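Dear colleague,

I am passing on the structure that we spoke about, and below it you will find my notes on what was found. Please read them with the structure open beside you.

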Amino acid sequence: MKIENPNPINWRFAERAEQLQASFIREILKITQQPEIISFAGGLPSPLTFPVEEMQAAFDKVLRDNGKVALQYGPTDGYTPLRQWIADALSVDGAKIVPEQILMTSGSQQALDLLGKVLIDEGSRVLVETPSYLGALQAFSVYRPEFKSVATDEHGLVPESIDAVADGARLLYSLPNFQNPTGRTLSVERRQQLVETCARHGLPLIEDDPYGALSYKGDPLPKMVAMNPDGVIYMGSFSKVLTPGIRLGYVCAPLPLARRLELAKQAADLHTSQLTQMVVHEVVKDGFLERHIPKIRQLYGDQCQVMLDAMAQHFPAGVEWTRPGGGMFIWVTLPQHINAMQLLDEAIAQKVAFVPGAPFYANEAATNTLRLSFVTVPPERIRHGIEVLGKLIAAKL
Ligand code: PMP
């Protein structure tokens, strides 16, 4: 029997919930999932790279050989053989990572939330790049910090700009490889400077690195966590090298922090799916990624080049863009007077979508910027979509 509600629902929400905002990108994604739209908006990896057969075989094997364990509750910190595999992968000569430092999370997005929970009080100062990953700004915002933007240039974050804002800061959130949203990479010299500066200030340095393995040419640059495992918190993810649908990421932290993060995770969701972790361990343990990742690099590198060539052909003078060495994004800076939000409306009317840059800024936004992803759009449609954008921009000059 349905009970009638005499009052309209007028509940009081917590202040932090009143503040929550929908991610602009996820909102755009709803529009752009219509098949006729050429979408450069999503941050989705290409499904062409998903190892469906290997995952299926691993699910079968884990359930057959170890089903009772896989389907049971598991420990909060994660499946130890996978944590050991990750610790070994992160260890270098002189900087050994132990499995106790690794906490498995439900996507690395959860690591951002847990880091916010453990490190940020209301009003705490949090240092972020300009621009930065929107999902991190969103995750940290729940804990109501005061964001301070740290300057970046074409080589990424500028370490010298930290001294002026480091006083009392709780963390610096950085994206050294093929940054989301700009595609920029921090040079080795700057990595060293950054690690040294944060150590000098006793400032926790977060290294968020979901794209590090996806360099188009040459080896990835050294990780900052390897330069100072006691001062750097490293975040990794299986989303961009295997599949995002499994929601599996991890955070590597100095032991006292790892323990706090583990307790925060326990309160949040007890643990990440044991089945998923065992399956991923089964897939990666014998070197699968070493064969698989080069295929992703090739595909993304080729499509990136297609987009860069199309931009050179169709974008008018006065428009600037980044030339990423890996990852999934190109960042475009339009002439100052062009508002990317308005451009988006016009582009959608012509069935092309992208993400305006403004939501990626914690403080003053540059409204003449936008992010393009090339990984899920076939070359012909990349060329056509860029031509459409080029004409729309040219009409505004
Ligand atoms: N960090 C960055 C920089 C990202 O781009 C993303 C995904 N878009 C994440 C973290 C979260 O990824 P996941 O939760 O899938 O690991």
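**What was found**

F140 counts as buried, with 26 C-beta neighbours inside 10 Å, where buried is the word for a residue with 20 or more other C-beta atoms within 10 Å of its own, exposed for one with 12 or fewer, and partly exposed for one in between, the C-beta atoms being placed from the backbone. Please keep in mind that this is a predicted model, in which local features need pLDDT of at least 70 and side-chain atom pairs count only at pLDDT 80 or more, while totals for chains, interfaces and linings use all residues. Residues are numbered from 1 along each chain as its sequence is written.

F140 is found in helix α6 (residues 134-141); helices here are DSSP runs of H or I with at least four residues, strands are runs of E with at least two, and both are numbered from the N terminus. Leaving aside residues up to four places away in sequence, F140 touches L112, G116, I120, V126 and P145, a contact being counted when two C-beta atoms, placed from the backbone, lie within 7 Å. F140 and Y250 are 110 residues apart along the chain, and their C-alpha atoms are separated by 17 Å.

E207 lies in strand β8 (residues 205-208) and is buried, with 26 other C-beta atoms within 10 Å. Its contacts, not counting residues up to four places away in sequence, are S174, P176, K223, M224, V225, V232, I233, Y234 and M235. From E207 to Q34 the separation is 173 residues in sequence and 35 Å in space, C-alpha to C-alpha.

Helix α4 (residues 80-90) and helix α10 (residues 274-284) pack at an angle of about 45°, with their axes 9 Å apart; axes are lines fitted to C-alpha atoms, for helices over the stretch in contact, and angles run from 0 to 180 degrees between N-to-C directions. That angle makes α4 oblique to α10, since angles under 35 degrees count as roughly parallel, over 145 as roughly antiparallel, 65 to 115 as roughly perpendicular and the rest as oblique. The contact is made by P81, L82 and W85 of α4 together with Q277, V280, H281 and V284 of α10.

Why is α10 described as largely enclosed by the rest of the structure? The reason is that 10 of the 11 residues of α10 are buried, among them Q274, L275 and T276. What covers the buried residues of α10 includes α3 (52-70), α4, β2 (102-105) and α11 (288-314).

Helix α12 (residues 340-349) and helix α13 (residues 379-394) pack at an angle of about 130°, with their axes 10 Å apart, and that makes α12 oblique to α13. In this pair the contact is made by L343, E346 and A347 of α12 and by V388, L389, L392 and I393 of α13.

Finally, the whole chain has 13 helices and 15 strands. Its radius of gyration is 22 Å, close to the 21 Å that the globule rule gives for 397 residues, so the chain is as compact as a globular protein of that length; the radius is taken over C-alpha atoms, and the rule is 2.2 Å times the number of residues to the power 0.38. Of the 397 residues of the chain, 46% count as buried.

With best wishes
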